[in-house]
Structure formats: C-alpha cells, structure tokens
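Me: I would like to go through this model with you. Could we begin with the core and then turn to the charged pairs?

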Amino acid sequence: MSDCPGDQISFEEFLAFKKLHGERTEEDLERLVLEFKLVDTDANGRIDWWEFLTYQAKMKLFSRNQVSLRTPDVSGQNQALFTKLGQS
C-alpha cells in the first residue's frame with residue numbers, strides 16, 4: 001500500500017487487491033461494496049493503512065474458533081479467555 005498516494009487505496013484499487021478481475025456477479029460486487037464500507041470507517045471513499053490493519057486484525061480474530069481462544073491456566077487446565085457474545 002505504500003505505492004498509493006498518501007498510503008490510501010480507492011474502491012477500484014480495493015477490487016484489484018481482492019483479485020476479482022473479469023466477470024463478477026452482482027452479488028460479488030454488492031459484497032465487496034459492503035466490505036469496502038466496513039473497512040473505510042471514516043467514509044471518505046479511501047482506505048488508509050490504519051483502517052486496513054484494523055479490519056484485517058478484526059477479521060483474524062473473528063475467524064478464530066473458541067478452542068484457539070483458550071489457553072492453559074496455572075493448574076494446566078484450559079481457561080476460556082473469551083466468552084460467547086451475549087453472556088454476562
């Protein structure tokens with residue numbers, strides 16, 4: 001992304017990054033428009049480096065399952081670091 005002016009990319013550059021050249025279905029395009037809007041948190045029509053990193057970090061965390069979010073505690077048993085959403 002350092003080749004982009006001001007270290008930002010446009011929607012067209014985002015599509016190229018996603019490597020969806022050639023024919024795209026309307027559904028593909030709608031999904032990418034939504035994804036672009038999720039990444040472009042300041043809604044200026046461009047994705048800057050920090051927006052990109054934040055989104056990628058969120059996607060990495062989202063893709064992990066409950067098992068990978070567990071760690072052994074001092075006694076050697078697994079202790080959940082995170083609970084399911086909605087539990088208190």
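Me: Which residues make up the largest nonpolar core?
Reply: In this predicted model, the largest nonpolar core consists of ten residues: Ile 9, Phe 11, Phe 14, Leu 15, Leu 32, Phe 36, Val 39, Ile 47, Phe 52 and Tyr 55.

Me: And which elements give two or more residues to this core?
Reply: Those are helix H1 (11–17), helix H2 (26–39) and helix H3 (49–63).

Me: What is Phe 36 in contact with, leaving aside its neighbours within four places in sequence?
Reply: Phe 36 then contacts Ile 9, Ser 10, Phe 11, Phe 14, Gly 45, Arg 46 and Ile 47.

Me: At what angle do the axes of H2 and H3 cross?
Reply: They cross at roughly 110 degrees and come within 9 Å. The two helices are therefore roughly perpendicular to each other. H2 makes the contact through Glu 35, Leu 38 and Val 39, and H3 through Glu 51, Phe 52 and Tyr 55. Of these residues, four are nonpolar, none polar and two charged.

Me: New topic: how many salt bridges does a search of the whole structure find?
Reply: It finds two. In one, Arg 46 pairs with Glu 13, with the closest N and O atoms 3.7 Å apart. Arg 46 lies in the loop between H2 and strand E2 (47–48) and Glu 13 in helix H1, so the pair ties together parts 33 residues apart in sequence.

Me: What does Glu 35 form a salt bridge with?
Reply: Its partner is Arg 31, the closest N and O atoms being 3.8 Å apart. Glu 35 and Arg 31 are four residues apart in helix H2, so about one helical turn separates them.

Me: Is Glu 35 buried or exposed?
Reply: Glu 35 counts as buried, at 10% relative accessibility, whereas Arg 31, at 45%, counts as partly exposed.

Terms used: Residues are numbered from 1 along each chain as its sequence is written. This is a predicted model: local features need pLDDT of at least 70, side-chain atom pairs count only at pLDDT 80 or more; totals for chains, interfaces and linings use all residues. Side-chain values use heavy atoms; hydrogens and water are left out. A nonpolar core is a set of buried Ala, Val, Leu, Ile, Met, Phe, Trp, Tyr and Cys residues joined through side-chain atoms within 4.5 Å. Buried means under 20% relative accessible area, exposed over 50%, partly exposed in between (1.4 Å probe, protein chains only). Contact means heavy atoms within 4.5 Å. Axes are lines fitted to C-alpha atoms, for helices over the stretch in contact, and angles run from 0 to 180 degrees between N-to-C directions. Angles under 35 degrees count as roughly parallel, over 145 as roughly antiparallel, 65 to 115 as roughly perpendicular and the rest as oblique. Ala, Val, Leu, Ile, Met, Phe, Trp, Tyr, Cys and Pro count as nonpolar, Asp, Glu, Lys and Arg as charged, and the others, Gly among them, as polar. A salt bridge is a side-chain nitrogen of Lys or Arg within 4 Å of a carboxyl oxygen of Asp or Glu.
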